[in-house]
Amino acid sequence: FFSEHNFAGRGISGQTSCQMLVRMRPDVIDLHPKYVVILSGTNDVAQNIGPVDMDVVLGNIISMCELARANKIKPVICSVLPADRFGWRPELKTPGETIKALNASLKAYAEKGIKAHGYVCDVTNESAVQDLVKKIEEEVGVIDILVNNAGIIRRIPMCDMSAEEFRKVIDVDLNAPFICAKAVIPSMIQK
């Protein structure tokens with residue numbers, strides 16, 4: 001069914017929203033789909049990795065939507081499926097109420113029609129970053145907050161890694177945050 005309809009199923013049984021958020025890049029963004037269907041929350045309510053505040057779960061789902069939009073992928077948010085008990089967590093007495101509240105929050109978020117801007121840039125290229133900051137400031141306004149979260153990892157033994165591969169890791173993980181901060185700080189100081 002999935003291959004016939006050009007679908008990719010990336011769900012992993014038992015995972016929570018924070019685990020899905022971590023997998024968003026390899027399991028969604030890197031595949032370049034038109035849409036991503038996000039069905040998340042049941043395992044958070046079931047406390048599969050421990051107690052979690054539902055505002056954190058909502059934030060994780062919103063972050064998945066924002067990542068999708070930033071990469072020109074349309075997110076489709078599903079309601080959390082109803083449940084009045086979890087066989088593996090019988091001590092949880094009212095999961096249905098928690099699910100109703102989470103669904104109400106998801107619906108309120110979806111109804112806002114949130115607009116997101118997505119930009120692509122080689123963060124190791126100083127002039128490309130400066131051009132992008134200028135473009136963002138023209139389109140949206142001064143950048144108030146900069147979160148440097150670009151990073152790469154080479155999952156190979158050090159003895160198999162070339163010096164060029166290591167330089168690329170250092171360039172993205174260490175130099176790029178400096179380049180990005182340097183590009184936005186002048187406008188932040190003026191503001």
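Here are a few questions and answers about the packing in this predicted model.

Me: Is N43 buried or exposed?
Reply: N43 sits in helix α3, which covers residues 42-45. Beyond four places in sequence, N43 touches G14, Q15, T16, N48 and W88. Its relative accessibility is 16%, and the cut-off for buried is under 20%, so N43 counts as buried.

Me: What kind of aromatic pair do F86 and W88 make, stacked, edge-to-face or tilted?
Reply: The structure holds one aromatic pair. The ring centres of F86 and W88 are 5.1 Å apart, with the planes at 45°. Under 30 degrees would count as stacked and over 60 as edge-to-face, so this pair is tilted.

Me: Which element gives the largest share of the largest nonpolar core?
Reply: That core has 25 residues, and M24, V36, F86 and L102 touch the most other members. β1 (35-38), α4 (54-70) and α5 each supply at least two residues. The largest share is eight residues, and they come from α4.

Me: And F86 itself, is that residue buried or exposed?
Reply: Leaving out neighbours within four places in sequence, F86 is in contact with T42, V45, A46, L92, P95 and I99. At 4% relative accessibility, F86 counts as buried.

Me: Which residues does N103 contact, leaving aside neighbours within four places in sequence?
Reply: N103 lies in helix α5, residues 95-111. With 18% relative accessibility, N103 counts as buried. Its contacts, leaving aside those neighbours, are S79 and V80.

Notes
Residues numbered from 1 in each chain as written. Predicted model: local features only at pLDDT ≥ 70, side-chain atom pairs only at ≥ 80, totals over all residues. Heavy atoms only, no water. Helix = DSSP H or I, 4+ residues; strand = E, 2+ residues; numbered from the N terminus. Buried < 20%, exposed > 50% of the residue type's maximum accessible area, 1.4 Å probe, protein only. Contact = heavy atoms within 4.5 Å. Phe/Tyr/Trp six-rings, centres within 6.5 Å; stacked < 30°, edge-to-face > 60°. Core = buried A, V, L, I, M, F, W, Y, C linked by side-chain atoms within 4.5 Å.
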